[in-house]
Amino acid sequence: MVVRDLSGDGKPDIAVANVTSNNVSVFINKGNGTFGVAANYDTPMGPNSIAAGEVSGDGKPDWS
């Protein structure tokens, strides 16, 4: 699981690796103490972990 501002709005979002579902779920922070419905992104194989960091030089988090 990663807790990081993935949407660029200054609020921490959540991304979760789902090894048995072969996808990653991203929950965007609504800013009122709740998160939106999961946006699921398929992966070719069951992801065991997820990481976020700024590696491209654009000042926005990159995740894999």
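This is a predicted model: local features need pLDDT of at least 70, side-chain atom pairs count only at pLDDT 80 or more; totals for chains, interfaces and linings use all residues.
In E4, the bridge partner of Asn 23 is Asp 42. Residues are numbered from 1 along each chain as its sequence is written, and side-chain values use heavy atoms, with hydrogens and water left out.

Strands (E, at least two residues) and helices (H or I, at least four) are DSSP runs, numbered from the N terminus. Two strands pair if DSSP finds at least two bridges between them. Strands of a sheet pair through backbone hydrogen bonds, either parallel or antiparallel.

Now the overall picture. The protein has six strands and zero helices. Four strands make an open sheet, ordered E1-E2-E3-E4, with antiparallel pairing. At the edges are E1 (2-4) and E4, each of which pairs on one side only. On average, neighbouring strands of this sheet are turned by 20° against each other, direction ignored; the axes here are lines fitted to C-alpha atoms, for helices over the stretch in contact, and angles run from 0 to 180 degrees between N-to-C directions.

Next, strand E3 itself. Which strand joins E3 through five bridges? That is E2 (residues 13-18), and the two run antiparallel. Within this pairing, Val 16 has Ser 25 as its bridge partner in E3, and Ile 14 has Phe 27. E2 and E3 form a hairpin with four residues between them, and Asn 22 in the turn has a positive phi of about 55°. E3 also pairs with E4, over four bridges and again in the antiparallel sense.

Is E3 enclosed or open? Four of its five residues are buried, so E3 is largely enclosed by the rest of the structure. Buried means under 20% relative accessible area, exposed means over 50%, and partly exposed is in between, using a 1.4 Å probe and protein chains only.

Back to Asn 23, which lies in E3 (residues 23-27). Asn 23 is buried because its relative accessible area is 10%. The side chain of Asn 23 makes a polar contact with the side chain of Asn 18, at 2.7 Å. A polar contact is a pair of N or O atoms within 3.5 Å; within protein, one must be able to donate a hydrogen and the other to accept it, and residues adjacent in sequence count only if both atoms are side-chain atoms. Leaving out residues up to four places away in sequence, Asn 23 touches several others, among them Val 16, Tyr 41 and Pro 47. Touching, or contact, means heavy atoms within 4.5 Å.

Not counting residues up to four places away in sequence, Gly 36 touches Phe 27, Ile 28 and Lys 30.

Last, the whole protein. Of its 64 residues, 22% count as buried. Along its principal axes the C-alpha trace spans about 30 × 30 × 15 Å.
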